[in-house]
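Q: Please take this chain term by term. For each label, set the value against the rule behind it.

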Amino acid sequence: MQDLPRLHADPEQGELAAGAALPMPPGQAHYLGHVMRRQAGDPVRLFNARDGEWRARIETLRKDRGGFRIEAMLRPPAPEPGPTLLFAPLKRDATDLVVRMATELGASGLQPVITERTNTARINADRWRAIATEAAEQCERLSLPAIAAPLHLPDLLGGWDPDRPLLAAIERADAGTIEGWRAAAGETSPPALLIGPEGGFSAAELALLRSRPGVIAVTLGARILRAETAALAGLACLL
Ligand code: SAH
């Protein structure tokens with residue numbers, strides 16, 4: 001089964017259910033036909049968070065369109081709780097890397113945060129979604145991380161539920177580790193992890209973070225990591 005192409009089925013395209021027909025989006029038709037050299041009759045796996053994972057067959061495949069026929073369930077839907085990654089968008093390649101690896105590492109949500117030193121206030125949500133979808137297909141998740149609209153740091157903190165742990169990664173601070181927080185906190189709702197921009201948080205932002213209830217400053221060690229490395233290291237600690 002592992003060698004079958006595994007594709008995310010947009011729930012809006014229809015239900016994954018035994019015997020159902022599902023249209024094939026042009027991107028998947030191109031991928032299956034041109035990249036994977038598959039043809040009508042070949043088996044695939046289709047999944048989404050709502051319906052689980054299913055074995056299906058390519059029913060028709062022409063140039064940039066086609067259809068699937070759903071056969072049998074391989075895996076029922078199940079919740080996939082995971083941390084939310086809050087991060088200041090970086091340059092394009094670094095952001096792509098963070099989106100892909102955060103998806104692999106189980107993040108359930110991606111929240112872009114605009115800080116004083118953030119490089120770009122704009123994000124390309126379609127690009128993020130495409131990268132996250134590809135990563136979910138590869139790593140065998142059922143769900144895609146939710147991609148939120150960018151928020152300015154003060155607005156994010158202002159609206160934060162103080163009962164939801166927000167771990168703020170702060171370099172050169174006298175802060176505890178993520179493991180230490182976890183041991184002390186016991187069972188909590190999945191935490192959020194906040195990573196600052198390449199230039200770090202400003203003094204005013206650090207003061208704001210420290211003043212908010214529910215914000216827990218954490219260290220990722222003595223070395224100063226690039227923002228993308230910090231995001232991956234922090235998520236790996238939360239695995
Ligand atoms: N330019 C800054 C470093 C910014 S690192 C400087 O030289 O001081 C980018 C982000 O990664 C930081 O805002 C922080 O969230 C995170 N980070 C990097 N290294 C870290 C560490 N050792 N501990 C905790 N957070 C770290």
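Q: What percentage of the residues in the chain is buried?

A: Buried residues make up 42% of the 239 residues. Buried means under 20% relative accessible area; over 50% is exposed, and in between is partly exposed (1.4 Å probe, protein chains only). The model is predicted: local features need pLDDT of at least 70, side-chain atom pairs count only at pLDDT 80 or more, and totals for chains, interfaces and linings use all residues. Residues are numbered from 1 along each chain as its sequence is written, and side-chain values use heavy atoms, leaving out hydrogens and water.

Q: How many helices and strands does the chain have?

A: Seven helices and 13 strands. Helices (H or I, at least four residues) and strands (E, at least two) are DSSP runs, numbered from the N terminus.

Q: Why is the pair of Phe87 and Trp128 called stacked?

A: Rings of Phe, Tyr and Trp (its six-membered ring) pair if their centres lie within 6.5 Å. Planes under 30 degrees apart count as stacked, over 60 as edge-to-face and the rest as tilted. By this rule the count comes to one aromatic pair. The ring centres of Phe87 and Trp128 are 5.4 Å apart and the planes are at 20 degrees, so the pair is stacked.

Q: What makes Phe87 and Trp128 a link between distant parts of the chain?

A: They are 41 residues apart: Phe87 is in strand β6 (residues 84-87), Trp128 in helix α3 (residues 125-139). Both Phe87 and Trp128 are buried.

Q: Which way do the residues of β6 point?

A: Thr84 and Leu86 point one way, Leu85 and Phe87 the other way. All are buried.

Q: What makes β6 and strand β7 a pair?

A: Two strands pair if DSSP finds at least two bridges between them. Four bridges join β6 to β7 (residues 109-114), and the two run parallel. Phe87 has Pro112 as its bridge partner in β7.

Q: What is the strand order of the open sheet of five strands?

A: The order is β1-β3-β4-β5-β2, with mixed pairing. The edge strands are β1 (6-8) and β2 (21-24), since each pairs on one side only. From one strand to the next, the twist averages 40 degrees. Within this sheet, β3 (residues 43-48) and β4 (residues 52-62) pair in the antiparallel sense over six bridges. Asn48 has Gly52 as its bridge partner in β4.

Q: How do you know that Arg6 sits over the ring of Phe47?

A: The rule asks for NZ of Lys or CZ of Arg within 6 Å of the ring centre and within 35 degrees of the ring normal. Arg6 lies over the face of Phe47, at 3.7 Å from the ring centre.

Q: What marks out the phi of Arg37?

A: It is near 55 degrees, a positive value in a residue other than glycine. Most residues other than glycine have a negative phi. Arg37 lies in the loop between α1 (26-35) and β3.

Q: Why is Arg37 called exposed?

A: Its relative accessible area is 66%, so Arg37 passes the cut-off for exposed.

Q: Why does Arg172 count as exposed?

A: Arg172 has 70% relative accessibility, so it counts as exposed. Its phi is near 55 degrees, also positive. Arg172 is in the loop between β10 (166-169) and β11 (176-177).

Q: How many residues of domain 1 are in contact with domain 2?

A: Eleven residues of domain 1 are in contact with eight residues of domain 2. Contact means heavy atoms within 4.5 Å. The bounds, from an automatic or database domain assignment, are 6-75 for domain 1 and 84-238 for domain 2.

Terms used
Axes are lines fitted to C-alpha atoms, for helices over the stretch in contact, and angles run from 0 to 180 degrees between N-to-C directions.
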